[in-house]
Each structure stands twice: as structure tokens, then as C-alpha cells.
Amino acid sequence: MMRDDQGLIDAIEQLSSEPLQLLIKAIRLKVTRRARRSVGVPGRFIFHSDTLAGKGPESIIRTYVDHNGLRKFLSEVPGGLKLQRVSELGCGYGRMSLVLTEFADETWGFERETHLVQMAQRLVPEVRFRNVGSLASLPEGDGSFDLAMTFTVLMHMTDTDVKSTLAEMKRIVGQGHILLMEKTEPVDLGNSEGNGSDWISIGRQIPTWEEWMHPWRLLKTQVRPSVFEREAYANIHKEVNDAGTYMLFRND
Ligand SMILES: C[S@@+](CC[C@H](N)C(=O)[O-])C[C@H]1O[C@@H](n2cnc3c(N)ncnc32)[C@H](O)[C@@H]1O
């Protein structure tokens with residue numbers, strides 16, 4: 001909330017007629033919404049369609065590269081993949097779920113932000129999107145999916161949240177595949193010491209993912225090329241050119 005807004009509210013509050021109180025409520029709601037949109041709410045940072053994968057031209061190029069990358073990765077699994085039911089956790093507006101539909105009979109997307117789920121349902125009607133409170137607790141049975149994927153989701157979580165989300169992915173798949181496309185370069189951005197209300201972006205190297213995924217086996221990896229991330233990292237870590245790694249795990 002801006003200091004000027006608060007001053008205005010305090011001044012109006014001195015005058016206590018009913019219409020004025022209603023006006024105060026409306027102003028409060030508006031400034032709170034504005035503040036939430038920019039900095040998140042306590043306990044959680046809120047993603048919007050233009051903060052998922054860059055804005056405008058950046059997001060178009062980023063998504064072209066990501067669609068090609070995911071399609072290539074899934075097409076080249078040794079022995080092939082036979083998928084009936086697949087899911088994306090933290091699917092945003094369905095940007096990447098769309099590619100999963102090419103490989104499975106049924107695709108599901110789980111997302112905690114209502115505004116993104118509504119957008120996804122409108123843009124990608126072939127996917128079944130569900131609004132969930134947490135990715136660590138999904139309304140799905142054990143072993144109900146052949147594959148579960150996260151795409152740039154766990155990198156925005158603390159270690160504790162990552163581990164509980166991975167446990168839920170293992171539960172809903174049981175025997176099958178888990179695909180993680182997460183940041184693996186040793187670069188942390190944002191306030192990773194924070195309480196979860198700030199934007200964070202944590203790079204965890206492949207051996208960490210293997211340890212956390214145990215006893216699932218890492219079958220194959222593929223680099224996600226940098227698009228605009230190279231520029232974003234330039235001042236921090238000059239030799240980093242990648243923007244994450246596709247990692248496919250299997251449990252027999
Ligand atoms: C960077 S976006 C990626 C969206 C989508 N996978 C894509 O590539 O377009 C991360 C998504 O995960 C969702 N999410 C759900 N739970 C989260 C959590 N605990 N921390 C961070 N993001 C979370 C966010 O709302 C957001 O839609």
C-alpha cells in the first residue's frame with residue numbers, strides 16, 4: 001500500500017458516515033489488490049500470465065524454444081513412451097500442457113492460481129485443468145498417472161516445498177515417469193532466504209535432483225537453451241548459458 005493511499009484512508013476514516021465507510025472499504029480493497037499483484041501475499045508469490053515465461057516477444061520466442069525442446073525430449077525416449085494419463089503440476093495457463101496432449105490420451109493440469117486456471121480453460125480446452133490449494137496435495141489416487149511433469153515450478157520453491165511436491169508426484173504416478181524441467185545452473189536469484197512471499201529462483205544441480213528422486217532412476221537429460229536468461233544472469237554468473245535441464249526419471 002502506498003503511503004499516500006494510507007494517508008487518504010486515515011483522513012477519510014475521521015468522517016464516519018455509512019457511505020464514507022463503504023468508500024473506505026472499496027479503496028482498501030483496491031490498494032490491497034494492487035499491492036498483492038506486485039509483491040505477492042504473505043506466504044506466497046503470485047504468478048501472472050506475463051511473469052510465467054517473459055513478456056510479449058520474449059514469451060513467444062521462449063515458448064517456441066520450449067515447445068520444440070519438450071517435444072524432442074519426449075519423442076526420443078529409448079523404447080518409446082506409452083502414455084494414457086499425464087499431468088502437469090504448476091501448469092500456469094497451459095503453455096506447456098498443450099505439448100503433453102500430443103503424447104497422451106488424457107492430459108491434466110494442476111495450478112493454485114484461479115486466474116491462471118480460468119485462462120488455461122479458455123485457451124487450452126483439450127486439457128482438464130484443476131485449481132488446487134497446494135501441489136503437495138492433489139485430489140488424485142495413487143498411481144493414477146503414467147507421467148507427471150513440472151516445468152519451471154520447483155525452482156521457485158523452498159527445499160521443504162520441493163520435497164513434499166516430489167513426494168506427491170511419486171504417489172500419483174507410482175510406477176511410470178516423472179519429468180522435471182528445472183533450473184540446474186548454480187545461480188540463485190531473488191530472496192531465497194525469505195518466507196516464501198517473495199519471488200525466488202533457485203538453481204539445484206542434477207545430483208541434488210537424483211538424491212531427492214531416489215529410488216527413481218534418472219533415464220536421460222537434455223539442456224534447455226537460454227533465450228533471455230543469458231542476459232538476466234550476465235552480471236551474476238557469466239559462464240552460465242543454459243536455462244535449466246529436462247530430467248526424465250523412471251520407477252519400475
Ligand atoms: C514459472 S510458472 C510456470 C508455469 C508453466 N509450467 C509454464 O512453464 O508455463 C510456475 C507456476 O507454478 C505455480 N505454483 C504452484 N504452487 C507453487 C509454489 N508453491 N511455488 C511456486 N509456484 C507455484 C505458479 O502459480 C505458476 O503458475
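Two strands count as paired if DSSP finds at least two bridges between them. Strands here (E, at least two residues), like helices (H or I, at least four), are DSSP runs numbered from the N terminus. With that in hand, welcome to a predicted model, in which local features need pLDDT of at least 70, side-chain atom pairs count only at pLDDT 80 or more, and totals for chains, interfaces and linings use all residues. Residues are numbered from 1 along each chain as its sequence is written, and side-chain values use heavy atoms, with hydrogens and water left out.

**The chain as a whole**

- The secondary structure of the protein chain comes to eight helices and nine strands.
- Of the 252 residues in the protein chain, 46% are buried, where buried means under 20% relative accessible area, exposed over 50% and partly exposed in between (1.4 Å probe, protein chains only).
- The protein chain has an accessible surface of about 13,200 Å², and 52% of that belongs to carbon and sulfur atoms; such areas come from the Shrake-Rupley method with a 1.4 Å probe, and for residues only the protein chains shown count as cover.
- Take the contacts (heavy atoms within 4.5 Å) between residues at least 6 apart in sequence: 68% of them join residues at least 24 apart.

**Strand E1 and its partners**

- Strand E1 covers residues 83-89, and five of its seven residues are buried.
- E1 pairs with strand E2 (residues 104-111) in the parallel sense, over six bridges.
- One place to look is Val86, whose bridge partner in E2 is Thr107.
- E1 also runs parallel to strand E4 (residues 147-151), joined to E4 by three bridges.
- Here you can look for Ser87, whose bridge partner in E4 is Ala148.

**Around the ligand**

- The ligand has 18 residues around it, and Glu88, Gly90, Arg95, Glu111 and Phe151 come nearest; a residue is near a molecule or strand if one of its heavy atoms lies within 4 Å of it.
- This shell divides into nine nonpolar, four polar and five charged residues. Ala, Val, Leu, Ile, Met, Phe, Trp, Tyr, Cys and Pro count as nonpolar, Asp, Glu, Lys and Arg as charged, and the others, Gly among them, as polar.
- In the side chain of Glu88, an N or O atom is 2.8 Å from a nitrogen atom of the ligand.
- An N or O atom in the side chain of Arg95 is 2.7 Å from an oxygen atom of the ligand.
- A polar backbone atom of Phe151 is 2.9 Å from a nitrogen atom of the ligand.
- The ligand taken alone exposes 590 Å², and the protein buries 95% of that.

**Buried and exposed residues**

- Glu168 lies in helix H6 (residues 159-173) and is buried, with a relative accessible area of 8%.
- Beyond its neighbours within four places in sequence, Glu168 is in contact with Leu135, Ala136, Ser137 and Leu138.
- Gly133 sits in the loop between strand E3 (128-131) and E4, and counts as exposed at 74% relative accessibility.
- The C-alpha atoms of Gly133 and Arg112 are separated by 5.3 Å, although the two residues are 21 apart along the chain.

**Backbone details**

- Most residues other than glycine have a negative phi, and most peptide bonds are trans.
- Thr152 has a positive phi of about 55 degrees although it is not a glycine.
- Thr152 is found in the loop between E4 and H6 and is buried, with a relative accessible area of 16%.
- His214 and Pro215 are joined by a cis peptide bond, with omega about 5 degrees.
- Pro215 has its place in the loop between helix H7 (206-213) and strand E8 (217-225).

Terms used
A polar contact is a pair of N or O atoms within 3.5 Å; within protein, one must be able to donate a hydrogen and the other to accept it, and residues adjacent in sequence count only if both atoms are side-chain atoms.
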